[in-house]
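User: I am new to this structure and would like to learn how to read its features one at a time. Could you take me through it slowly?

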Amino acid sequence: MTAPTKTLRTPAEAELIERFGTLRATLPGTAAVKAQRETAFARFERQGLPHRRVEEWKYSDLRARLRKSAPPAAVLDAKAAKAMLAAAGDPFAGVSRYRLVLVDGVYAPDLSDRDGLLADGVEVSSLAELLKSDRPETADLLGASEIAVEDVALALNVAFVTDGVVLFIAKGSQLSMPIEIVHVAGTAAAAGITIRNRVVIGENVDATIIETSIGGTDGSEINLVSSYVVGSGSHLTVARLQSVAAGAIHISSNVTRLGENVQLKDLSVEAGASFSRHQTFLTFAGENSRADVLGVSMLHGTRHIDQTLVVDHAVPHCTSAELFKTVVDDRASGVFQGKIIVRPDAQKTSGKMMSQALLLSEEAEMASKPELEIFADDVVCGHGATVGQIDANHLFYLMARGVPRDEAERLLIEAFLADAVDAIGNESVADELKGTISTWINVRNEGRGANAS
């Protein structure tokens, strides 16, 4: 007789299971939404937290990193939320834009430009409100594409999410300013924050959306999902900046579906958190569309940043171009994983993917894993990856002309990262992101000075 096996749980997994059992009845949603939550959490119970034996997470062992699970963040009153927003700073202060603010995962309408957006053809709603409504689109709010549905981070997001923002951008809208969705994590105590945003873009829209993650404290856990559905003929630019506290864990997922004749530019800049993973799931659902997917990661100390990408060419005549740049210093570790899938009917596909990393110390680590899965024969696809140090000849050239070493390295690092940032095509947004790059270099140089003294 064989004894039944018992699944061994880590303390964090056990805490998550206990917490869902306590909260499941109070989480917002209709009966259909609650059923989605139960299905998602059952997936987590089967698989547990992602670990190194899961191929998609082999370089980012979340099970080993997450020793215990932080309790859910408390809902702040309006005064405290305003103070927290002010204290977190404004990385895009030089950009004229609409702002939608979430504090500790809760939408703050009093701090947001909801009326201005409505006048520009954008309807803004709270996710918590829509999850409890009988509107037809409610069933799609927590959905995911075929290439993302098995991801455990998304499953946990579905199970625990309580709020976020939902944007409907009307057909033909030409937004006068970018929209910034600001996620501010609390600074008082470690907390678990789960957020989900959904952006539905009508046909022939021209829009720029900025997503900013700031604030936080040691031990914070942030699980953020943003879902984009882009209508035919639209032009969309998305720029993300993750700059939360160094001791936080930040997992973000972007799930995007493109209609036909869409032009997308998507940039993710990762510059904070002790453990960060940004994953992009992009599906071409309409022909003759193009996506430029860009990434910048900056690491020092013992940080770990993972940029993971899956591009699904499900229809013919589409183009994807991916460029990811990573700078790693000290004992930090960077990861790039990219996969391009070309379905059997996706003839005339063009897909090119490049990852480039710059190692600034002997102990810095970088893992690059590009992949192609091609099931069609009339395609042009390729990938490449480079890892190296600062060119000694370039450094000598600058220093021989009187440029101090730190400043020479700054110029070379900024030039290395500029290709990805400038490709976003929005000068004001790019300038602010270059300011973030400069700040990171300053912090890195100050750390070197402290270590030398």
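User: Is Phe44 buried or exposed, and at what relative accessibility?

Analyst: Before the answer, please note that this is a predicted model, in which local features need pLDDT of at least 70 and side-chain atom pairs count only at pLDDT 80 or more, while totals for chains, interfaces and linings use all residues. Residues are numbered from 1 along each chain as its sequence is written, and side-chain values use heavy atoms, with hydrogens and water left out. A residue is called buried under 20% relative accessible area, exposed over 50% and partly exposed in between, with a 1.4 Å probe and protein chains only. Phe44 has 0% relative accessibility and therefore counts as buried, and Phe41, at 3%, counts as buried too.

User: How do I read the pair of rings that Phe41 and Phe44 form?

Analyst: A pair of aromatic rings is described by the distance of the centres and the angle of the planes. Rings of Phe, Tyr and Trp (its six-membered ring) pair if their centres lie within 6.5 Å, and planes under 30 degrees apart count as stacked, over 60 as edge-to-face and the rest as tilted. For Phe41 and Phe44 the centres are 5.3 Å apart and the planes stand at 50°, so this pair is tilted. Both residues lie in helix H2 (residues 31-47), three residues apart, which is about one turn of the helix; helices (H or I, at least four residues) and strands (E, at least two) are DSSP runs numbered from the N terminus.

User: Which residues do ring pairs link into a cluster?

Analyst: The cluster consists of Phe20, Phe41, Phe44 and Phe160. Within it, Phe20 and Phe160 form an edge-to-face pair, with 5.7 Å from centre to centre and 85° between the planes. This pair links distant parts of the chain, since Phe20 belongs to helix H1 and Phe160 to helix H7, 140 residues apart. Phe20 counts as buried at 1% relative accessibility, and Phe160 counts as buried at 12%.

User: At what angle do the axes of H1 and H7 cross?

Analyst: Axes are lines fitted to C-alpha atoms, for helices over the stretch in contact, and angles run from 0 to 180 degrees between N-to-C directions. The axes of H1 (residues 11-23) and H7 (residues 152-160) cross at roughly 30° and come within 11 Å. Angles under 35 degrees count as roughly parallel, over 145 as roughly antiparallel, 65 to 115 as roughly perpendicular and the rest as oblique, and H1 and H7 are therefore roughly parallel to each other. In their contact (heavy atoms within 4.5 Å), Leu16, Arg19, Phe20 and Leu23 of H1 meet Leu156, Ala159 and Phe160 of H7.

User: In what order do the strands form the open sheet?

Analyst: Strands of a sheet pair through backbone hydrogen bonds, either parallel or antiparallel. Here two strands pair if DSSP finds at least two bridges between them. Ten strands make up the open sheet, in the order E2-E1-E5-E7-E9-E11-E13-E15-E17-E19, with mixed pairing. Strands E2 (106-107) and E19 (379-388) are at the edges with a single partner strand each, so one side of each has no neighbour in the sheet.

User: Why is strand E13 described as largely enclosed?

Analyst: Nine of the ten residues of E13 (residues 290-299) are buried, so the rest of the structure largely encloses this strand. E13 runs parallel to E11 (residues 263-270), to which eight bridges join it, and Val269 stands opposite Val296 in E13. Ten bridges join E13 to E15 (residues 319-328), again in parallel, and Arg290 has Thr319 in E15 as its bridge partner.
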